[in-house]
Amino acid sequence: MVTLRRQTGVGMIEVLVALLISAIALLGLAGLQITSLKYQKMAHFRALASQSSADMADRIRANPMAVKEKNYVTGEKFLANAKPKSKCVNSGSVCTAQQIAKVDIYNWRRDLSRSLTNGWGDITSEKDAAKNDTGGLILTVYFSETNKCPGGDCERRVDPLCTAKLGNFWQELTLRCFKTVFVP
(Lines give C-alpha, C1' and ligand atoms only; values in the text may rest on other atoms or scores of the structure.)
Protein backbone atom coordinates (compact mmCIF):
# COMPACT_ATOMS: atom_id res chain seq x y z
CA MET A 1 0.00 0.00 0.00
CA VAL A 2 1.40 3.36 -1.08
CA THR A 3 0.73 6.52 0.96
CA LEU A 4 0.77 9.86 -0.85
CA ARG A 5 2.20 12.93 0.89
CA ARG A 6 0.96 16.01 -0.91
CA GLN A 7 1.06 18.61 1.88
CA THR A 8 4.61 18.34 3.12
CA GLY A 9 5.78 21.50 5.07
CA VAL A 10 2.43 23.36 4.95
CA GLY A 11 2.09 23.20 8.75
CA MET A 12 5.48 24.84 9.17
CA ILE A 13 4.49 27.73 6.87
CA GLU A 14 1.30 28.28 8.89
CA VAL A 15 3.32 28.47 12.11
CA LEU A 16 5.77 30.97 10.58
CA VAL A 17 2.91 33.19 9.34
CA ALA A 18 1.30 33.09 12.80
CA LEU A 19 4.63 34.07 14.40
CA LEU A 20 5.04 36.97 11.96
CA ILE A 21 1.56 38.30 12.75
CA SER A 22 2.19 37.95 16.49
CA ALA A 23 5.53 39.79 16.23
CA ILE A 24 3.94 42.71 14.36
CA ALA A 25 1.16 42.90 16.95
CA LEU A 26 3.67 42.92 19.82
CA LEU A 27 5.68 45.71 18.19
CA GLY A 28 2.49 47.74 17.87
CA LEU A 29 1.70 47.18 21.53
CA ALA A 30 5.22 48.28 22.53
CA GLY A 31 4.76 51.55 20.60
CA LEU A 32 1.39 52.04 22.25
CA GLN A 33 2.95 51.49 25.69
CA ILE A 34 5.68 54.08 25.02
CA THR A 35 3.11 56.63 23.85
CA SER A 36 0.88 56.03 26.86
CA LEU A 37 3.83 56.49 29.24
CA LYS A 38 4.68 59.81 27.56
CA TYR A 39 1.14 61.11 27.96
CA GLN A 40 0.93 59.81 31.51
CA LYS A 41 4.07 61.79 32.41
CA MET A 42 2.63 64.99 30.93
CA ALA A 43 -0.68 64.43 32.72
CA HIS A 44 1.28 64.02 35.94
CA PHE A 45 3.12 67.33 35.33
CA ARG A 46 -0.16 69.12 34.65
CA ALA A 47 -1.72 67.64 37.79
CA LEU A 48 1.26 68.84 39.86
CA ALA A 49 0.97 72.31 38.28
CA SER A 50 -2.74 72.40 39.08
CA GLN A 51 -2.19 71.31 42.69
CA SER A 52 0.60 73.83 43.27
CA SER A 53 -1.53 76.61 41.76
CA ALA A 54 -4.41 75.72 44.07
CA ASP A 55 -2.02 75.66 47.03
CA MET A 56 -0.67 79.12 46.17
CA ALA A 57 -4.20 80.46 45.64
CA ASP A 58 -5.07 79.29 49.16
CA ARG A 59 -1.95 80.98 50.56
CA ILE A 60 -2.92 84.21 48.82
CA ARG A 61 -6.49 84.06 50.12
CA ALA A 62 -5.13 83.56 53.65
CA ASN A 63 -3.20 86.86 53.46
CA PRO A 64 -5.74 89.51 52.34
CA MET A 65 -3.61 92.49 53.44
CA ALA A 66 -0.81 91.45 51.07
CA VAL A 67 -3.34 91.09 48.25
CA LYS A 68 -4.53 94.65 48.77
CA GLU A 69 -0.95 95.91 48.68
CA LYS A 70 -0.14 93.79 45.56
CA ASN A 71 2.68 92.00 47.41
CA TYR A 72 1.95 88.73 45.61
CA VAL A 73 2.29 90.15 42.09
CA THR A 74 5.68 89.06 40.75
CA GLY A 75 5.19 90.30 37.18
CA GLU A 76 6.02 88.57 33.92
CA LYS A 77 9.76 88.86 34.28
CA PHE A 78 12.18 86.08 35.06
CA LEU A 79 13.63 86.88 38.47
CA ALA A 80 16.12 85.10 40.63
CA ASN A 81 14.53 83.02 43.35
CA ALA A 82 16.32 84.65 46.28
CA LYS A 83 15.53 83.29 49.72
CA PRO A 84 13.71 85.90 51.83
CA LYS A 85 15.86 87.35 54.58
CA SER A 86 12.99 87.48 57.06
CA LYS A 87 13.22 85.00 59.92
CA CYS A 88 9.85 85.87 61.42
CA VAL A 89 8.18 82.70 60.10
CA ASN A 90 10.41 80.30 62.05
CA SER A 91 11.27 82.43 65.07
CA GLY A 92 7.72 82.86 66.35
CA SER A 93 7.73 86.66 66.06
CA VAL A 94 4.99 88.55 64.23
CA CYS A 95 5.36 88.78 60.46
CA THR A 96 4.07 91.56 58.25
CA ALA A 97 1.79 90.74 55.32
CA GLN A 98 4.64 91.59 52.93
CA GLN A 99 7.06 89.21 54.69
CA ILE A 100 4.52 86.39 54.56
CA ALA A 101 3.94 87.04 50.85
CA LYS A 102 7.69 86.84 50.13
CA VAL A 103 8.01 83.59 52.05
CA ASP A 104 4.93 82.15 50.29
CA ILE A 105 6.31 83.01 46.85
CA TYR A 106 9.72 81.60 47.73
CA ASN A 107 8.24 78.33 49.06
CA TRP A 108 5.93 78.02 46.03
CA ARG A 109 8.76 78.47 43.55
CA ARG A 110 11.04 76.15 45.51
CA ASP A 111 8.37 73.43 45.49
CA LEU A 112 7.79 73.92 41.75
CA SER A 113 11.50 73.59 40.99
CA ARG A 114 11.65 70.39 43.03
CA SER A 115 8.52 68.72 41.66
CA LEU A 116 8.55 69.76 37.98
CA THR A 117 11.33 69.71 35.42
CA ASN A 118 12.54 73.33 35.25
CA GLY A 119 9.49 74.34 37.32
CA TRP A 120 8.89 78.04 37.90
CA GLY A 121 5.93 80.26 38.76
CA ASP A 122 4.79 83.86 38.29
CA ILE A 123 1.83 85.82 39.55
CA THR A 124 0.38 88.70 37.52
CA SER A 125 -2.67 90.95 37.81
CA GLU A 126 -5.63 90.11 35.62
CA LYS A 127 -6.58 92.92 33.26
CA ASP A 128 -9.66 93.24 31.08
CA ALA A 129 -9.73 94.29 27.40
CA ALA A 130 -9.38 97.98 28.38
CA LYS A 131 -6.25 97.13 30.44
CA ASN A 132 -8.05 97.83 33.72
CA ASP A 133 -7.02 95.82 36.77
CA THR A 134 -9.96 93.51 37.60
CA GLY A 135 -8.69 92.54 41.06
CA GLY A 136 -8.04 88.98 39.91
CA LEU A 137 -4.69 87.25 39.78
CA ILE A 138 -3.17 84.92 37.20
CA LEU A 139 -0.94 82.16 38.54
CA THR A 140 1.30 80.78 35.80
CA VAL A 141 3.31 77.61 36.32
CA TYR A 142 6.09 76.95 33.79
CA PHE A 143 7.72 73.58 33.24
CA SER A 144 9.81 71.84 30.64
CA GLU A 145 8.16 69.14 28.57
CA THR A 146 11.01 66.66 28.56
CA ASN A 147 9.26 63.85 26.67
CA LYS A 148 8.44 66.02 23.68
CA CYS A 149 11.96 65.79 22.24
CA PRO A 150 13.38 62.35 23.01
CA GLY A 151 17.11 62.45 22.37
CA GLY A 152 16.96 66.18 21.58
CA ASP A 153 16.26 65.55 17.90
CA CYS A 154 13.44 68.06 17.50
CA GLU A 155 13.31 71.84 17.57
CA ARG A 156 13.22 73.43 21.02
CA ARG A 157 10.48 76.01 21.35
CA VAL A 158 8.38 77.88 23.87
CA ASP A 159 4.64 77.24 23.94
CA PRO A 160 2.94 80.27 22.31
CA LEU A 161 0.52 80.42 25.26
CA CYS A 162 3.45 81.18 27.57
CA THR A 163 3.79 84.94 27.17
CA ALA A 164 6.30 85.68 29.91
CA LYS A 165 9.54 87.49 29.24
CA LEU A 166 11.89 84.74 30.26
CA GLY A 167 15.65 84.51 30.37
CA ASN A 168 17.84 82.86 27.75
CA PHE A 169 17.94 79.61 29.74
CA TRP A 170 14.22 79.10 29.22
CA GLN A 171 14.39 79.81 25.48
CA GLU A 172 16.50 76.69 25.02
CA LEU A 173 13.83 74.39 26.47
CA THR A 174 10.52 73.05 25.29
CA LEU A 175 8.48 75.13 27.72
CA ARG A 176 4.86 74.57 28.73
CA CYS A 177 2.75 76.70 31.00
CA PHE A 178 -0.35 76.15 33.12
CA LYS A 179 -2.41 79.24 33.98
CA THR A 180 -4.95 79.64 36.74
CA VAL A 181 -7.07 82.78 37.02
CA PHE A 182 -8.81 83.51 40.31
CA VAL A 183 -10.17 86.35 42.42
CA PRO A 184 -8.85 86.32 46.01
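Predicted model: local features only at pLDDT ≥ 70, side-chain atom pairs only at ≥ 80, totals over all residues.
**Entry 1: Asp 104 and its partner**

Asp 104 forms a salt bridge with Arg 59, and the closest N and O atoms are 4.0 Å apart. I then checked where the two residues sit. Asp 104 belongs to helix 4 and Arg 59 to helix 1, so the pair ties together parts that are 45 residues apart in sequence. Are these two residues buried or exposed? I find Asp 104 buried, and Arg 59 as well.

**Entry 2: the other contact of Arg 59**

I followed Arg 59 to Asp 55. Their side chains meet in a salt bridge, 3.2 Å from N to O. Why are Asp 55 and Arg 59 separated by about one helical turn? They are four residues apart in helix 1, which accounts for that separation. Asp 55 counts as partly exposed because its relative accessibility is 32%.

**Entry 3: the count and one more pair**

I ran the search over the whole structure. It returned five salt bridges. One of them joins the side chains of Asp 111 and Arg 110, at 3.4 Å from N to O. I noted accessibility for both partners. Asp 111 is partly exposed at 32% relative accessibility. Arg 110 is partly exposed too, at 25%. I also recorded a network: salt bridges that share partners join Asp 55, Arg 59 and Asp 104. As background, side chains of opposite charge can pair when their charged atoms come close.

**Entry 4: backbone angles**

I turned to phi. Most residues other than glycine have a negative phi. Lys 70 has a positive value, near 60°, and is not glycine. Where does Lys 70 lie? I located Lys 70 in the loop between helix 2 (64-68) and helix 3 (88-91). Its relative accessible area is 36%, so I logged Lys 70 as partly exposed.

Asn 118 also went into the notebook. Its phi is near 55°, a positive value in a residue other than glycine. Asn 118 is in the loop between helix 4 (97-115) and strand 1 (120-127). I logged Asn 118 as partly exposed, because its relative accessibility is 26%.

**Entry 5: a nonpolar patch**

Which residues make the nonpolar surface patch? I listed Met 12, Val 15, Leu 16 and Leu 19, with a patch area of about 410 Å². I checked Leu 19 on its own. Leu 19 is placed in helix 1, residues 10-61. Its relative accessible area is 53%, and the cut-off for exposed is over 50%.

Methods
Residues numbered from 1 in each chain as written. Heavy atoms only, no water. Patch = residues over 30% accessible without salt bridge, like charges linked within 9 Å, V, L, I, M, F, W, Y side chains within 5 Å. Areas by Shrake-Rupley, 256 points an atom, 1.4 Å probe, with all protein chains shown as cover. Helix = DSSP H or I, 4+ residues; strand = E, 2+ residues; numbered from the N terminus. Buried < 20%, exposed > 50% of the residue type's maximum accessible area, 1.4 Å probe, protein only.
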